[in-house]
Amino acid sequence: MQRRKFVIGMGALASGAAAAVGTGAFNIARVDRNMEVDIVDDGDAYLGLESSSKYAEEKDDGQLEIAFDGSIDGQNGDGLSDNANYVFTDVFSIHNNGTDEIAVTLSDSLDSIGWETEFPRAYYSFDKIGTTNDVNGDGDFTGGTADDGAFLAPGEELYVHFEFVGREAELENGRDDWPGSIGVYAEAKEDSN
């Protein structure tokens with residue numbers, strides 16, 4: 001009789017310990033798996049960037065470069081006139097090659113999501129604008145954040161346009177206010193899965 005109690009007691013102790021640590025518990029585990037990562041050109045990346053004009057081109061290193069200074073083949077001019085306004089449409093496109101819906105914006109530095117200047121102004125459209133004088137598009141990136149409406153489902157794209165205003169523009173430091181680099185910032189929407 002006592003032996004049975006001992007056996008039952010051990011069973012109760014064992015299941016109590018299992019409940020405390022969880023079934024199939026272990027202290028250390030190591031599981032090795034293969035992981036493959038590929039470095040691709042901007043156009044093929046999960047956040048794809050592709051030229052759609054003579055003002056942007058994929059360089060030899062696969063990265064997209066934007067230039068309004070005549071340095072890209074096919075540009076006949078060398079830059080912008082002083083005291084003049086310019087609009088460049090369909091400069092480049094942003095593609096969502098990932099698996100979640102994303103919100104996109106532009107920044108002029110890696111640690112900010114806004115522009116420091118009023119111009120150049122960047123705006124976007126979900127379709128090419130072409131040679132129209134549309135300076136509104138579907139939304140504005142300038143001073144915007146990733147929740148300003150520039151949402152891309154997987155497989156979707158948008159086009160980025162620029163407006164430069166030299167006439168009647170009040171720039172604190174003249175053209176030095178214009179950013180020398182532009183970052184594309186994207187984040188998955190919270191409810192995207």
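D140 is partly exposed, with a relative accessible area of 32%; here partly exposed is the range between buried (under 20%) and exposed (over 50%), computed with a 1.4 Å probe and protein chains only. The model is a predicted one, in which local features need pLDDT of at least 70 and side-chain atom pairs pLDDT 80 or more, while totals for chains, interfaces and linings use all residues. Residues are numbered from 1 along each chain as its sequence is written, and side-chain values use heavy atoms, with hydrogens and water left out.

The side chain of D140 meets that of R121 in a salt bridge (3.0 Å, N to O), a term that stands for a side-chain nitrogen of Lys or Arg within 4 Å of a carboxyl oxygen of Asp or Glu. This pair links distant parts of the chain, with R121 in strand β6 and D140 in strand β7 (residues 139–140), 19 residues apart. Strands are DSSP runs of E with at least two residues, helices are runs of H or I with at least four, and both are numbered from the N terminus.

A salt bridge joins R121 to E163, with the closest N and O atoms 2.8 Å apart. Since R121 lies in strand β6 and E163 in strand β9, the pair ties together parts that are 42 residues apart in sequence. Both of these residues are buried, R121 having a relative accessible area of 12%. A polar atom of the R121 side chain also lies 2.7 Å from the backbone oxygen of V135.

Strand β9 (residues 157–165) also holds H161, which counts as buried because its relative accessibility is 0%. Beyond residues up to four places away in sequence, H161 touches several residues, including F88, D90, R121 and Y123; contact here means heavy atoms within 4.5 Å. A polar atom of the H161 side chain lies 3.4 Å from the backbone oxygen of Y159.

Across the whole structure, the search finds six salt bridges. One of them pairs E65 with K59, the closest N and O atoms being 3.7 Å apart. E65 counts as partly exposed at 30% relative accessibility, as does K59 at 29%.

I39 is found in the loop between α1 (2–21) and β1 (47–51) and counts as exposed, at 78% relative accessibility.

How values were computed
A polar contact is a pair of N or O atoms within 3.5 Å; within protein, one must be able to donate a hydrogen and the other to accept it, and residues adjacent in sequence count only if both atoms are side-chain atoms.
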